[in-house]
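Please open the model in your viewer and keep the selection panel at hand. Each stop below says what to select and what is there.

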Amino acid sequence: MSPLLRSSQGIRPPHAAAATEAEVEAITALARTRGATRLAIGSGRADDDLTTARAVATRWEALGGEIVTTLTWPETAASWSRQATRFTAADPDLWIMTGSPAGWAQMTRRLLWSTSWRPARTILAAALSGRAALDLVGLANLDGITGVTESGRAWRIEHEVVTAHHVRT
């Protein structure tokens, strides 16, 4: 059995824009409230994904935090195994992820399948906050994952239910 999606047909919605200022602030505020000091940032390779990753890294470092690794993953790959292994190797306090739903879902399924990565130690950017993206991996597989919307509102998956989550700034 493989963690890869059976078909990528129909899972390529329009790509989201780069993160808003409110989104970047919410991501870093969530990380701070969790006591994180070391982040790993992963993203797709589209320009907006890279812009979001850089914005989060810049803000985090301005707050005195450390970026232990940044990693990009392709939209399509044979297995995403190499990227998944590298992403978890630094053992950060939290992982931050952004990208297109299809690439992120494949990467996340590989992370779940073969690494120590855990959703509860992950914050998703708005590009991945839609239900269609989350359903590619399955809510049952994402318990504890947190994300933010473009407006900076936070959400969390608990017991297969997506609920609003307060961000303390």
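Predicted model: local features only at pLDDT ≥ 70, side-chain atom pairs only at ≥ 80, totals over all residues.

Residues are numbered from 1 along each chain as its sequence is written, and side-chain values use heavy atoms, with hydrogens and water left out.

**Stop 1: helix α2**

Select residues 47–62, which form helix α2. Helices (H or I, at least four residues) and strands (E, at least two) are DSSP runs, numbered from the N terminus. The expected span of a helix is 1.5 Å times one less than its number of residues; for the 16 residues of α2 this gives 22 Å, and its end C-alpha atoms are 22 Å apart, in agreement.

Now colour D49, T52, A53, V56, A57 and W60, which are buried (under 20% relative accessible area; exposed is over 50%, partly exposed in between, with a 1.4 Å probe and protein chains only). Seen down the axis, the buried residues of α2 fall within an arc of 130°, so they line one face of the helix; the arc is that of the directions from the helix axis to the C-beta atoms. An α-helix has 3.6 residues a turn, so residues three or four places apart point the same way.

On the other side of α2, select D47, R54, T58 and A62, which are exposed. The cover over the buried residues of α2 includes α1 (21–33), β1 (38–43), β2 and β3.

**Stop 2: the nonpolar cores**

Which residues touch the most other members of the largest nonpolar core? Select M97, W104 and M107, out of 23 residues in this core. A nonpolar core is a set of buried Ala, Val, Leu, Ile, Met, Phe, Trp, Tyr and Cys residues joined through side-chain atoms within 4.5 Å. At least two residues of this core come from each of α3, β3, α4 (101–114), α5 (131–137) and β6 (154–158), and α4 gives the most, with 4 residues.

A second, separate core has 20 residues, including V24, A26, I27 and A53.

**Stop 3: positive phi angles**

Just after α2, select G64, with a positive phi of about 95°. Go on to W80, in the loop between β2 (66–72) and α3 (81–89). W80 is not a glycine, yet its phi is positive, near 65°. Is W80 buried or exposed? W80 is buried, with a relative accessible area of 3%.

End at D91, in the loop between α3 and β3 (94–98). D91 is not a glycine either, and its phi is positive at about 45°. D91 is partly exposed, with a relative accessible area of 48%.

Terms used: Contact = heavy atoms within 4.5 Å.
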